[in-house]
Amino acid sequence: MSTVVTAEIRAESPPAGVMAIGKMGIWWFLASEIMVFGGLIGSYVLYRLASAGAWSEMAHHVSTGIGATNTLVLLTSSLTMVLAHAAIEDEKRGRATLYLGLTVLGGLLFLGFKAIEYTTEISNGFTPLAGTFWSFYFTMTGLHGLHVLAGIIWIFALFLMAARGTLWPHTQQRVEYAGLYWHFVDIVWIFLFPLLYLSY
């Protein structure tokens with residue numbers, strides 16, 4: 001790293017013990033997102049308990065295989081995001097570009113499997129209007145899917161910048177914030193998967 005770049009980064013770094021504004025912003029954003037998904041998940045649990053087992057029959061129709069595959073895909077993409085951040089810390093630009101690209105690929109695979117799942121369910125008559133269970137199912141997975149799409153766009157932009165060599169400097173902050181968002185998306189799915197696919 002050149003002396004000029006190092007000096008520029010130091011000049012924009014917050015004093016020791018002070019959180020960067022960007023990091024504070026992403027944590028505030030994630031806190032608001034937790035409230036959104038927390039409210040949805042809490043409502044789902046209450047309605048499901050009130051259904052006295054009536055939702056179990058409907059839950060049998062979701063594809064546990066696709067849900068499990070998507071869980072594996074998302075966890076793997078979270079790992080590649082961690083590896084991308086580690087590669088940047090080690091100044092391994094080629095590896096960072098590769099792992100950012102693999103993270104985008106994982107997100108696209110997730111949405112692809114989700115599209116197959118939606119197509120199958122809707123063709124079998126399980127639309128969002130088919131019942132309260134399906135309303136919750138499509139709302140929660142659809143909202144999560146939109147967050148995955150936003151993460152793909154964000155990380156793809158970082159991938160393009162890395163491929164063109166314009167990601168540097170300030171690379172660690174950019175990738176760290178995108179990584180925090182991506183791990184949040186991953187954690188939300190960890191809650192959705194057992195609630196929607198394994199609770200029948």
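Predicted model: local features only at pLDDT ≥ 70, side-chain atom pairs only at ≥ 80, totals over all residues.

User: What does Leu100 touch, leaving out residues up to four places away in sequence?

Analyst: Leu100 touches Met81, Ala84, Ile155, Leu158, Phe159, Ala162 and Leu167.

User: How many helices and strands does the protein have?

Analyst: There are seven helices and zero strands. From the N terminus on, the order is α-α-α-α-α-α-α.

User: How do you know that the span of helix α4 agrees with what 1.5 Å a residue predicts?

Analyst: Helix α4 covers residues 64–89, which is 26 residues. The expected span is 1.5 Å times one less than that number, so it should be 38 Å. The end C-alpha atoms are 38 Å apart, so the two agree. Just after α4, Glu91 takes a positive phi of about 65 degrees.

User: Why does Ser51 count as buried?

Analyst: Its relative accessibility is 15%. Buried means under 20%, so Ser51 counts as buried. Ser51 sits in the loop between α2 (21–50) and α3 (54–59).

User: What does the side chain of Ser51 reach?

Analyst: The side chain of Ser51 reaches the backbone oxygen of Arg48 at 2.6 Å. The cut-off for a polar contact is 3.5 Å.

User: What share of the protein counts as buried?

Analyst: Of its 200 residues, 38% count as buried.

Note on methods. Residues numbered from 1 in each chain as written. Heavy atoms only, no water. Helix = DSSP H or I, 4+ residues; strand = E, 2+ residues; numbered from the N terminus. Buried < 20%, exposed > 50% of the residue type's maximum accessible area, 1.4 Å probe, protein only. Polar contact = N/O pair within 3.5 Å; in protein donor to acceptor, adjacent residues only side chain to side chain. Contact = heavy atoms within 4.5 Å.
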